[in-house]
Amino acid sequence: MDLHDNIITNTKDVFSSMLGMEVTPQEPVAAGMTHLKSISGIIGLAGSVKGMLAVHAPEKTALAITSGFLGMAVEEINEDVQDAIGELANMLAGGVKLTLTENSSEIKLSVPSVIFGDTYNVSAPAKAMAFIIPFTIEGGLFYVEFHLIKEGLGK
Amino acid sequence: MPKKILIVDDSSTMRKIVTRSLRQAGWEDCEIVEASDGQEALNLLATTSVDLILSDINMPNMDGIEFLRQKANLPAIKDIPVIMITTEAVADTVEKVKELGAKGSIKKPFTPDQIKETLGPLF
């Protein structure tokens, strides 16, 4: 299974098992997009594979995701939303790690970092293989971004 | 007597999801206490007795591996069963936490049925 398929499968799995939501993947787009009034959860990968996985959600989608996780309506961007988007990124990064290695000591995951704001960009390192997969759910659109720097890749 | 369960996870969202899953799995009456990392869990266990611990691995301050190591050296709490709930369900991590005394591992994401299947034999 390649990384695109893995991320799509993991994302569907997380949403169906923990949020009871269906997600529909769209065609991947190039990294470097501008995020407007959004919130992003970011997990760094270190060790034999370096890179990062991020979940970018416009505020409306982030509220729908958090409401699904908590089983209650969440109507403003608060600590619960930041935590939920960070945890979503964490679960997706865990799935990617399982695909990339059978030995956990080879790849370390960071704890989630969360950023949000009116306008921001996330840049990929020059040597990274980088892509973004958009997904739609009932509450809107969100994006999963992945950067991978591995010996022999991206040179 | 209702069971008392300690949930250790740095994500408040995940602590709420685990709590809800326990209720959905049929343990509506269990009492839940929470800690956001291994150190907070050890502090809490110094004054509170629980029947079961559900712990994340990847946490800031003190992670789940170090928590298991320190717990194993504390006679008062070393026999409390621990189940790891983690995204880090890679084979060697599952083996490592078993060696450190964990009774099992549940991979995130999970369903209430998976919680029930893993925890059932412990109740």
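How many residues does the contact take from chain A, and how many from chain B? I will come to that after a word on the model.

This is a predicted model, in which local features need pLDDT of at least 70, side-chain atom pairs count only at pLDDT 80 or more, and totals for chains, interfaces and linings use all residues. Residues are numbered from 1 along each chain as its sequence is written, while chains are lettered from A and ligands numbered from 1 in the order in which they are written.

Now the contact. It takes 25 residues from chain A and 20 residues from chain B, where two residues are in contact if their C-beta atoms, placed from the backbone, lie within 7 Å. On the side of chain A that touches chain B, the elements giving two or more residues are helix 1 (3–19), helix 2 (59–70) and helix 3 (79–100) of chain A. Helix 3 of chain A gives the largest share, 11 residues.

Next, chain A itself. Its secondary structure comes to 3 helices and 7 strands, in the order α-β-β-β-α-α-β-β-β-β along the sequence. Helices (H or I, at least four residues) and strands (E, at least two) are DSSP runs, numbered from the N terminus.

The C-alpha trace of chain A spans about 45 × 30 × 30 Å along its principal axes. Of the contacts in chain A with a separation of 6 or more, 67% are between residues 24 or more positions apart.

Last, burial. Of the 155 residues in chain A, 39% are buried, meaning that 20 or more other C-beta atoms, placed from the backbone, lie within 10 Å of the residue's own.

Conventions. Buried ≥ 20, exposed ≤ 12 C-beta atoms within 10 Å, placed from the backbone.
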